[in-house]
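These are my notebook entries on one protein structure. I record what I looked up, entry by entry.

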Amino acid sequence: MLENVRIVLIGTSHPGNIGSAARAMKTMGIHDLVLVTPDCEVDSHTIALSAGASDVVKNIITYENLEDAIADCQLVVGASARSRTLNWPMFGPRDMAAKVVQEGQDKKVAMVFGRERTGLTNDELQRCHFHVNIPANPDYSSLNLAMAVQTLCYEVRMTFLAQESWPKQEQEYPLSADLERFYQHLEGTLAEVEFIVPSHPGQVMNKLRRFFNRARPEVQELNILRGMLTSIDKAVQGIRRPEKRVKGEPKNT
């Protein structure tokens, strides 16, 4: 199961932090590390601080955006130090680990970490199904990147070691890429029926993302939703399509 766990680091600014995160991962049996738009190069300092986890470092894949980095993942959890504009489903580390282990039995799952100084943006957090917060000392909650990675990977490993008696998950959830296509379809349909104005969408789509992420539609349920949207699209096109005039029929005046 641990082979299905992916660690995603966004905008990392120091090569040593990448190496330290790789070390933290490998000690917990996790090896899939990807970077999104890093602000530094993977270099000799990265290798040095990986302290024997150079195999993790050498297999790093870099992406230009988060969407591509998590496209094949069924579950995406974002590490967040605080609540943002919209309240999002929030886990503690142990509840998060239980979810990761359950869904990671046969599908890819991702834990996403943001920039050392500013963390994840709101847009990046909205690409996650859930958020996880490490309940550190409120008077001094400063955790460096590798510490945060180590803490969450530890919880996943401990849960994994204790999960032998767990029933196998029967639900099949859509991949992140499938869910993104649904959101794009939903936004296009809502714009077509003038429920939202593309130039001024407000918070509608953000709130709908939160709603569907919280609901966690299964694959078949998502297919039903996509089918509903397609039917609405066809109906709207039929209403707006001009009626064909019978040949020889005079035009209305």
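**Entry 1: Charges.** I began with a convention: Lys and Arg count as positive and Asp and Glu as negative, while His and the chain ends are not counted. I took the place of a charge as NZ of Lys, CZ of Arg, CG of Asp or CD of Glu. With these rules I found 29 positive and 31 negative charges in the protein, and their mean positions are 5 Å apart.

**Entry 2: Source.** I noted that this is a predicted model, in which local features need pLDDT of at least 70 and side-chain atom pairs count only at pLDDT 80 or more, whereas totals for chains, interfaces and linings use all residues. Residues are numbered from 1 along each chain as its sequence is written, and side-chain values use heavy atoms, with hydrogens and water left out.

**Entry 3: The whole protein.** I looked up the extent along the principal axes: the C-alpha atoms fill a box of roughly 85 × 45 × 40 Å. The protein exposes about 14200 Å², and carbon and sulfur atoms supply 50% of this area (Shrake-Rupley method with a 1.4 Å probe; for residues, only the protein chains shown count as cover). Of the 253 residues, 42% count as buried (buried means under 20% relative accessible area, exposed over 50%, partly exposed in between, with a 1.4 Å probe and protein chains only). I then considered contacts, which means heavy atoms within 4.5 Å. Among contacts with a separation of 6 or more, 86% join residues 24 or more positions apart.

**Entry 4: The sheet.** I counted 10 helices and 7 strands (DSSP runs numbered from the N terminus: helices are H or I with at least four residues, strands are E with at least two). In what order do the strands of the open sheet lie? The order is β3-β2-β1-β6-β4-β7-β5, and the pairing is parallel (two strands pair if DSSP finds at least two bridges between them). The edge strands are β3 (61-63) and β5 (90-91), each of which pairs on one side only.

**Entry 5: Strand β6 and its partners.** I followed β1 (residues 5-10), which runs parallel to β6 (residues 108-113) and is joined to it by 5 bridges. Valine 5 stands opposite valine 109, and valine 8 stands opposite valine 112. β4 also runs parallel to β6, again with 5 bridges; there, glycine 78 stands opposite valine 112. Is β6 enclosed or open? It is largely enclosed by the rest of the structure, because 6 of its 6 residues are buried. Lys108, Ala110 and Val112 point one way, and Val109, Met111 and Phe113 point the other way.

**Entry 6: Strand β2.** I recorded 5 bridges between β1 and β2, paired in the parallel sense. Isoleucine 7 stands opposite leucine 33 in β2. Both faces of β2 are covered: Asp32, Val34 and Val36 are buried on one side, and Leu33 and Leu35 on the other.

**Entry 7: Helices over the sheet.** I found helix α1 (residues 15-27) lying across β1 and β2, at about 155° to β2 (axes are lines fitted to C-alpha atoms, for helices over the stretch in contact, and angles run from 0 to 180 degrees between N-to-C directions). Helix α5 (residues 93-103) lies across β1, β4, β5, β6 and β7, at about 165° to β4. The buried residues of α5 include Met96, Lys99, Val100 and Glu103. An α-helix has 3.6 residues a turn, so residues three or four places apart point the same way. The cover over the buried residues of α5 includes α7 (145-161).

**Entry 8: Two buried residues.** I looked up leucine 75 in strand β4, which counts as buried because its relative accessibility is 0%. Leaving out residues up to four places away in sequence, leucine 75 touches several residues, including Lys99, Val100, Ala110, Phe130 and Arg216. I then turned to arginine 209 in helix α9 (residues 204-215). This arginine is buried, with a relative accessible area of 9%.

**Entry 9: Two loop residues.** I noted that threonine 37, although not a glycine, has a positive phi of about 40°. Threonine 37 lies in the loop between β2 and α2 (44-50) and is partly exposed, at 33% relative accessibility. Glutamate 194, in the loop between α8 (176-192) and α9, has a positive phi near 65°. At 63% relative accessibility, glutamate 194 counts as exposed.
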